[in-house]
Amino acid sequence: NAVAAADPRLRGKRVVVTAGGTREALDPVRYLGNRSSGKQGIAVALAARAAGAEVTLIAAHVEVALPQGIDLVQVESALELQAAAQSASSTADVLVMAAAVADFRPDHTEGAKIKKRDDSADPVITLVRNPDILAGLVADRNAAGRRQLIVGFAAETGDDRGGVLDYARAKLERKGCDLLVVNQVGPGAGGQELTFGQDSNEVLILDRDGSEPLAALGTKQEVANAVMARIAEKLGVEN
Ligand code: CTP
Ligand code: CA
């Protein structure tokens, strides 16, 4: 399209973006979910397309309309998202993990709807850990010796043991990704996080190469454009 032609920084590059919040099924009608709207991830996919890339969007549950004209894979659970991301990323130049992946899932999914019964105890849900998809994809890339830029997203809060930046740097190291886009979350009215569902965002883009964190502030689309600009710059440096 016209936008892609005007801005060809990522022409010929394959970009895979995950977005939205995973849902972990308890039974055929119930799930454990999270408040991710998917807006930031979708904005990243649009920014990549505007930069001329060939984009695959892997979407878990999102609260907004999915973009037209982008190769789309819809998933529900973390395990489904992992399978889709593994298969799409084998040929990707860039992988952006903007999805809010559930850290835990129920240890089993009931085949039939869970019933209330007067003659038995109330149910207890046992959770098991989901795989760390991002760390796994970094390991896959390294094992294959692939040239691939991998970008994580994180929402962090500081506490008495460290600031947002300390936790973010530690997470970047732990995950092994190239860039980590961090937003500082604070409690909002009613105990909800300020950034969920909002149209604007304030982030720091951390780089594993140790260079100064880059601040980006604005609408989620402006933040996505700044992330994509940094990605394009990194690809340029590495090519
Ligand atoms: N992520 C992932 N697989 C998971 C959890 C998270 O791939 N099971 C990815 C997210 O998509 C994001 C990044 O890892 O890009 C950071 O997510 P975050 O929840 O901040 O990291 P966690 O390792 O789960 O740490 P925390 O205990 O702070 O939630
Ligand atoms: Ca997590």
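The largest pocket of this predicted model has a volume of about 1100 Å³. A pocket here is an open set of points on a 1 Å grid over the protein atoms alone, where a 1.4 Å probe fits, with protein on both sides within 12 Å along at least five of seven lines. Grid points are joined across faces, edges and corners, and the volume is the space filled by probe spheres set on the points. The lining (residues with an atom within 4 Å of a point) comprises 43 residues, with A99, A100, V101, F153 and A154 nearest the centre. Among the elements that each supply at least two lining residues are helix 2 (39-50), helix 5 (164-175) and strand 9 (149-156); helices (H or I, at least four residues) and strands (E, at least two) are DSSP runs numbered from the N terminus. By residue class, this lining divides into 20 nonpolar, 14 polar and nine charged.

The second largest pocket holds about 250 Å³ of space. Its lining has 15 residues, and E110, I114, P123, V124 and I125 lie nearest its centre. Here the division is seven nonpolar, two polar and six charged.

Backbone N or O atoms of M97 and L134 each lie 2.7 Å from an oxygen atom of ligand 1, while for A99 the distance is 2.8 Å. The protein covers 76% of the 570 Å² of accessible area (Shrake-Rupley method, 1.4 Å probe) that ligand 1 has on its own.

D103 sits in the loop between strand 6 (94-97) and strand 7 (104-106).

Residues are numbered from 1 along each chain as its sequence is written, chains are lettered from A and ligands numbered from 1 in the order written, and side-chain values use heavy atoms, leaving out hydrogens and water. Because the model is predicted, local features need pLDDT of at least 70 and side-chain atom pairs count only at pLDDT 80 or more, whereas totals for chains, interfaces and linings use all residues.

Key
Ala, Val, Leu, Ile, Met, Phe, Trp, Tyr, Cys and Pro count as nonpolar, Asp, Glu, Lys and Arg as charged, and the others, Gly among them, as polar. A polar contact is a pair of N or O atoms within 3.5 Å; within protein, one must be able to donate a hydrogen and the other to accept it, and residues adjacent in sequence count only if both atoms are side-chain atoms.
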